[in-house]
Number of protein chains: 2
Amino acid sequence: MLDNDLEDLRARLQQGSAQDVRLAMRDGSWTGTTHGLARGYAQANLAIVPRDAALDFMRFCQRNPKPCPLLDVTDTGDPEFRLVAPGSDVRRDLSGYCVYRDGILVDEPDDISDLWSADLVAFAMGCSLSFDAVLQDNGLRVAHLDKPGGRIAVYTSGIDCVPAGPFAGPMVVSLRPIPRGELDRVVEVTKRYPSIHGGPVHIGDPAAIGVTDVSATDWGKPPEIGPDDVPVFWGCGVTPQAVAMAARLPLMITHKTGHMLLTDLLVKELDQ
Amino acid sequence: MLDNDLEDLRARLQQGSAQDVRLAMRDGSWTGTTHGLARGYAQANLAIVPRDAALDFMRFCQRNPKPCPLLDVTDTGDPEFRLVAPGSDVRRDLSGYCVYRDGILVDEPDDISDLWSADLVAFAMGCSLSFDAVLQDNGLRVAHLDKPGGRIAVYTSGIDCVPAGPFAGPMVVSLRPIPRGELDRVVEVTKRYPSIHGGPVHIGDPAAIGVTDVSATDWGKPPEIGPDDVPVFWGCGVTPQAVAMAARLPLMITHKTGHMLLTDLLVKELDQ
């Protein structure tokens with residue numbers, strides 16, 4: 001496709017519905033990331049695991065709702081997220097997947113139809129892209145979005161997740177520098193959205209949760225923390241992937257970074 | 001035990017912790033209901049199902065969070081609710097259980113140690129006893145508690161739950177008549193407590209959700225709806241039991257009505 005055509009499609013998908021985006025990815029016309037697409041719709045992290053591991057993975061999400069806010073779980077072998085994306089086909093409706101075998105990344109296809117089987121269960125979990133939209137809609141600054149290409153700072157913390165079966169490990173957290181005067185409001189707003197990570201897991205000294213050097217991010221870019229900013233940490237959707245990789249399942253499939261599942265949930269309706 | 005001793009014990013357990021109550025039930029000294037015990041602590045509905053049904057039952061709870069707000073799920077074969085009641089023993093820490101085989105009530109023991117096996121999974125779900133406490137703590141009237149022995153009106157509604165595997169059926173709902181002037185505040189307060197049923201599932205005309213005669217309750221007592229009251233319906237914790245019974249599992253164990261699981265969660269900390 002020509003660059004102009006691609007930009008036209010991007011513009012259309014930004015204003016389109018979640019279903020429009022899923023269909024464009026299903027038919028292969030959109031292969032890019034989902035950043036900014038289907039504005040107002042919640043995007044989700046994806047994890048697909050074999051049936052044998054599904055109950056423990058679901059327990060893990062239930063026990064660790066801040067990093068792993070569960071939005072929907074498919075029936076075993078059913079590729080449709082009937083609750084949050086009716087009509088979806090999880091085998092083709094994302095523009096990029098990661099395939100792990102025994103915890104090792106072995107492929108990054110844009111279609112997993114040939115890997116799908118009656119033995120698999122797919123999980124959709126709330127994602128911080130939607131979270132940032134909530135902050136912006138409430139007139140709050142999201143520092144890492146101030147710059148083009150800005151990416152949030154993400155760390156493996158010293159907070160242990162509550163384990164479940166083979167799933168155990170540290171919580172991955174994101175850091176947002178929040179102006180001191182906005183802190184109460186940010187906490188109040190984000191607490192109302194438990195399905196996209198909810199309230200902070202830690203406010204203040206990074207070292208207290210094992211982040212001894214904020215410039216040494218594990219994912220994303222180091223934050224710029226101003227003199228009047230407070231470091232505030234939230235549970236991050238990388239956690240379930242990191243934990244599932246560490247569990248060395250025979251097969252696990254996730255979304256590729258930035259290539260999220262588009263759900264029919266409206267972010268503004270996730271307010272609780 | 002003499003009546004006076006029982007009343008002394010009741011008074012002590014009302015002021016006691018959730019653990020105090022669990023231990024009094026475990027050693028057999030308290031055999032009554034849990035109404036009013038361990039004030040401030042969240043009480044929970046209990047359902048125990050075989051491993052084969054556990055993933056579908058957990059999906060059912062995830063898909064129907066208003067009637068089935070999941071608080072904790074044990075590891076398979078583990079009788080301890082490690083998240084919400086550390087040190088608990090679900091085989092002995094309730095004062096009454098119902099045992100169902102193929103969907104039929106076959107026994108109401110006060111100890112299920114002999115029925116427990118490595119194949120079972122226990123689920124704790126939020127309970128409306130805690131819910132009423134929240135309303136009262138916020139200065140809101142709870143009509144059915146105005147009278148001694150008052151019991152909330154509960155109906156099988158015409159709202160279908162989202163099914164999961166063998167689990168399907170209508171949502172059971174509770175009705176609270178709310179003075180029109182308090183309606184907004186009741187909705188606002190209860191929405192903040194998703195783990196104990198959250199906001200209403202319906203406000204207004206009972207017939208709109210299939211309740212054609214409010215005097216014909218399926219459980220509890222008919223409500224007194226004043227001229228300035230609005231009928232407000234919430235998801236009810238009877239739902240998962242009704243659905244699980246209808247699924248005719250080979251074995252299912254629940255709490256006996258009024259004999260709830262005491263959790264270490266403080267109701268005031270369930271605010272989200």
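Predicted model: local features only at pLDDT ≥ 70, side-chain atom pairs only at ≥ 80, totals over all residues.
Residues are numbered from 1 along each chain as its sequence is written, and chains are lettered from A and ligands numbered from 1 in the order in which they are written.

**The interface between the chains.** Contact here requires that the C-beta atoms of two residues, placed from the backbone, lie within 7 Å. By this criterion, 13 residues of chain A are in contact with 13 residues of chain B. On the chain A side, helix H3 (51–63) and strand E2 (70–73) each supply at least two residues. Helices (H or I, at least four residues) and strands (E, at least two) are DSSP runs, numbered from the N terminus. H3(A) gives the largest share of this side, with 6 residues.

A rotation of 180° with 0.0 Å of shift along its axis superposes chain A on chain B, with an RMSD of 0.0 Å. The two copies are thus related as by a two-fold rotation axis. In chain A, the C-alpha nearest the axis belongs to Leu55(A), at 2.6 Å from it. The superposition is by least squares on the C-alpha atoms of residues with pLDDT of at least 70 in both copies.

**The domains of chain A.** Chain A is divided into domain 1 (3–127 + 241–270) and domain 2 (129–239), with bounds that come from an automatic or database domain assignment. Their centres, taken over C-alpha atoms, are separated by 22 Å. The contact between them takes 29 residues from domain 1 of chain A and 26 residues from domain 2 of chain A. On the domain 1 side, the elements that give two or more residues are strand E1 (41–50), H3, strand E5 (120–126) and helix H6 (238–246) of chain A. The largest share of that side, 6 residues, comes from H3(A).

The table gives the residue classes of both sides.

**The open sheet.** In chain A, 4 strands form an open sheet in the order E6-E7-E9-E8, with antiparallel pairing. Strands pair if DSSP finds at least two bridges between them. Strand E6 (153–160) and strand E8 (202–203) of chain A are the edge strands, each pairing on one side only. E8(A) is joined by 2 bridges to strand E9 (residues 229–235) of chain A, and these strands run antiparallel. Ile203(A) stands opposite Val232(A) in E9(A).

**Helix H2 of chain A.** In helix H2 (residues 18–26) of chain A, the buried residues are Ala18(A), Val21(A), Arg22(A), Leu23(A), Ala24(A) and Met25(A). A residue is buried if 20 or more other C-beta atoms, placed from the backbone, lie within 10 Å of its own. The buried residues of H2(A) pack against helix H1 (3–15), E1 and strand E11 (261–266) of chain A. Just after H2(A), Gly28(A) takes a positive phi of about 85°.

How values were computed. Buried ≥ 20, exposed ≤ 12 C-beta atoms within 10 Å, placed from the backbone.
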